Amino acid sequence: MDTPNAPHSEAPAAVTDPPAELGQRLSALLEGIGRGDQAAFAEFYQLTSRRVFGMARRVLIDPELSEDTTQEVFLQVWQNAAKFDPSAGSPLSWLMTISHRRAVDRVRSTQSATDREAKYGASSQDIDHDAVADEVGSRLEAEAVVRCLATLTETQQESVRLAYYGGLTYREVAERLHAAVPTIKSRIRDGLIRLKTCLGVS
């Protein structure tokens, strides 16, 4: 079963049903999804996808990671809808719990990859692991981040600040800086590589 794409601006607005009515509606849809009803799944997605994406975005910041996580959440809904227990809580609470856990898991996965890179660098250079861990930890302090940001080009700084501190999407950054989206993606990617190198975590 193919899940729909991540929510976009042209998607229908979220419903404004009273909480009780929305809960009943979502419960009924989950029952249908549990029976393999794709139409029920599509409606459930339409009613809740923006909430899920919003939760993922608040945790992950990065819009592409947030879209990927949103898809993972709805795949889990499709696979586990039959396990939903109305007596344990509302459908929306159940969905938001899944969304938050998925987003946190993605953060931990990303951090684990960074930690593995740091450990590999330490072992390949035959440096004491504890010393490397201490050094990486100290360099990740706010002052180090500010100092390393200064090593980026002006255009890289603008793009990174707008995307990761301003919370803008690639397209929004491109519109703000009057540049093409591929150009912005390249600037941010190159800027993050330079930041990681400066911070000693890559």
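A residue is called buried when its relative accessible area is under 20%, and exposed when that value is over 50%. The model discussed here is predicted. Serine 99 has a relative accessibility of 1%, and therefore counts as buried. Serine 99 is part of helix α4, which spans residues 91-124. A polar atom of the serine 99 side chain lies 2.8 Å from the backbone oxygen of leucine 95. Apart from residues up to four places away in sequence, serine 99 touches Val52, Met55 and Val73.

Leucine 95 also belongs to the largest nonpolar core, which has 21 residues; Leu26, Leu30, Ile33, Phe44, Val77 and Leu95 touch the most other members. Helices α1 (19-34), α2 (38-60), α3 (63-80) and α4 each supply at least two residues of this core. The most comes from α2, with seven residues. Leucine 30 contacts Phe44, Val77, Ala81, Phe84, Pro91 and Trp94, leaving aside neighbours within four places in sequence. A second, separate core has eight residues, among them Tyr170, Val173, Ile184 and Ile188.

For the protein as a whole, the elements are nine helices and zero strands. The remaining totals are tabulated below.

| Quantity | Value |
|---|---|
| Buried residues, of the 202 residues in the protein | 34% |
| Contacts joining residues at least 24 apart, among those between residues at least 6 apart in sequence | 64% |

Note on methods: Residues are numbered from 1 along each chain as its sequence is written. This is a predicted model: local features need pLDDT of at least 70, side-chain atom pairs count only at pLDDT 80 or more; totals for chains, interfaces and linings use all residues. Side-chain values use heavy atoms; hydrogens and water are left out. Helices (H or I, at least four residues) and strands (E, at least two) are DSSP runs, numbered from the N terminus. Buried means under 20% relative accessible area, exposed over 50%, partly exposed in between (1.4 Å probe, protein chains only). A polar contact is a pair of N or O atoms within 3.5 Å; within protein, one must be able to donate a hydrogen and the other to accept it, and residues adjacent in sequence count only if both atoms are side-chain atoms. Contact means heavy atoms within 4.5 Å. A nonpolar core is a set of buried Ala, Val, Leu, Ile, Met, Phe, Trp, Tyr and Cys residues joined through side-chain atoms within 4.5 Å.
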